[in-house]
Amino acid sequence: ALDALDALDGTDGSGTVSLVSLGIALGAAAFIATAVLSQRREALKKDLLQIIRTTKRGADESKNAEVKRLFMELETLNPTSAPLSSDQLRGDWELLWTTSASILGLGRPGFFQPLQDQPILQFL
């Protein structure tokens with residue numbers, strides 16, 4: 001017969017872990033891992049947005065390496081299996097950062113450059 005300690009630790013009395021207990025443990029571990037990854041993604045997004053706000057949409061290139069590093073790390077944590085074909089991508093987007101000199105109007109007279117206090121929008 002099982003005693004209370006065997007029931008709590010998931011063994012069948014012989015020291016063998018039951019499949020139910022193993023399944024519960026794996027499910028709990030997956031839940032915890034998902035929560036940790038979600039928290040890491042949120043922290044990276046926050047860090048990325050803070051840095052981007054100081055770059056004039058990318059015109060100030062001094063932080064490009066850090067921005068790219070954060071983007072690459074976020075990409076590895078993306079829970080969407082095919083992000084470029086996801087319906088989540090569709091909609092109106094505001095450009096916050098780019099490496100494109102033409103979008104930023106770099107090299108053009110100031111009156112042909114986008115205003116910093118006005119959004120650059122794109123529909124996908």
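1. Let's start with Glu 42, which counts as partly exposed at 43% relative accessibility; the label covers values between buried, under 20% relative accessible area, and exposed, over 50% (1.4 Å probe, protein chains only). Its side chain meets that of Lys 45 in a salt bridge, at 3.2 Å from N to O. Here a salt bridge is a side-chain nitrogen of Lys or Arg within 4 Å of a carboxyl oxygen of Asp or Glu. Lys 45 is also partly exposed, at 37% relative accessibility.

2. A word on the model before going on. This is a predicted model, in which local features need pLDDT of at least 70 and side-chain atom pairs count only at pLDDT 80 or more, while totals for chains, interfaces and linings use all residues. Residues are numbered from 1 along each chain as its sequence is written, and side-chain values use heavy atoms, with hydrogens and water left out.

3. Now the overall layout. The chain has four helices and two strands, and from the N terminus on its elements run α-α-α-β-α-β. Helices (H or I, at least four residues) and strands (E, at least two) are DSSP runs, numbered from the N terminus. Of the 124 residues in the chain, 19% are buried. Contact means heavy atoms within 4.5 Å; among contacts between residues at least 6 apart in sequence, 59% join residues at least 24 apart.

4. Back to the charged pairs. There are five salt bridges in the structure. One of them joins the side chains of Glu 73 and Arg 40, at 2.8 Å from N to O. Glu 73 belongs to helix 3 and Arg 40 to helix 2, so this pair ties together parts that are 33 residues apart in sequence. Both ends are partly exposed: Glu 73 has 24% relative accessibility, and Arg 40 has a relative accessible area of 35%.

5. Another salt bridge links Arg 69 with Glu 66, where the closest N and O atoms are 2.8 Å apart. Both of these residues lie in helix 3, three residues apart, or about one turn of the helix. Arg 69 is partly exposed at 38%, and Glu 66 is partly exposed at 32%. Arg 40, Glu 66, Arg 69 and Glu 73 are linked in a network of salt bridges. As background, side chains of opposite charge can pair when their charged atoms come close.

6. Which residues make up the largest nonpolar core? The nine are Leu 44, Leu 48, Ile 51, Ile 52, Val 67, Leu 70, Leu 74, Leu 77 and Trp 97. Helix 2 and helix 3 (64-76) each supply at least two residues of this core, and the largest share, four residues, comes from helix 2. By definition, such a core is a set of buried Ala, Val, Leu, Ile, Met, Phe, Trp, Tyr and Cys residues joined through side-chain atoms within 4.5 Å. Leaving aside neighbours within four places in sequence, Leu 70 is in contact with Leu 44, Asp 47, Leu 48 and Ile 51.

7. The loop between helix 2 and helix 3 deserves a look too. Thr 55 is found in this loop and is buried, at 0% relative accessibility. Its side chain reaches the backbone oxygen of Ile 52 at 2.9 Å. Apart from neighbours within four places in sequence, Thr 55 is in contact with Asp 60, Lys 63 and Trp 97.

8. Lys 56, placed in the loop between helix 2 and helix 3, has a phi near 55°, a positive value in a residue other than glycine. Arg 57, found in the loop between helix 2 and helix 3, has a positive phi of about 65° although it is not a glycine. Are these two residues buried or exposed? Lys 56 counts as exposed at 54% relative accessibility, whereas Arg 57 counts as buried at 8%.

9. Lastly, the surface. Phe 31 lies in helix 2 (residues 19-52) and is exposed, with a relative accessible area of 62%. Phe 31, Ile 32 and Val 36 form a nonpolar patch on the surface, with about 340 Å² of accessible area together. Patches are made of residues with over 30% relative accessible area and no salt bridge, with like charges joined within 9 Å and nonpolar side chains (Val, Leu, Ile, Met, Phe, Trp, Tyr) within 5 Å.

Terms used:
Accessible areas come from the Shrake-Rupley method with a 1.4 Å probe; for residues, only the protein chains shown count as cover. A polar contact is a pair of N or O atoms within 3.5 Å; within protein, one must be able to donate a hydrogen and the other to accept it, and residues adjacent in sequence count only if both atoms are side-chain atoms.
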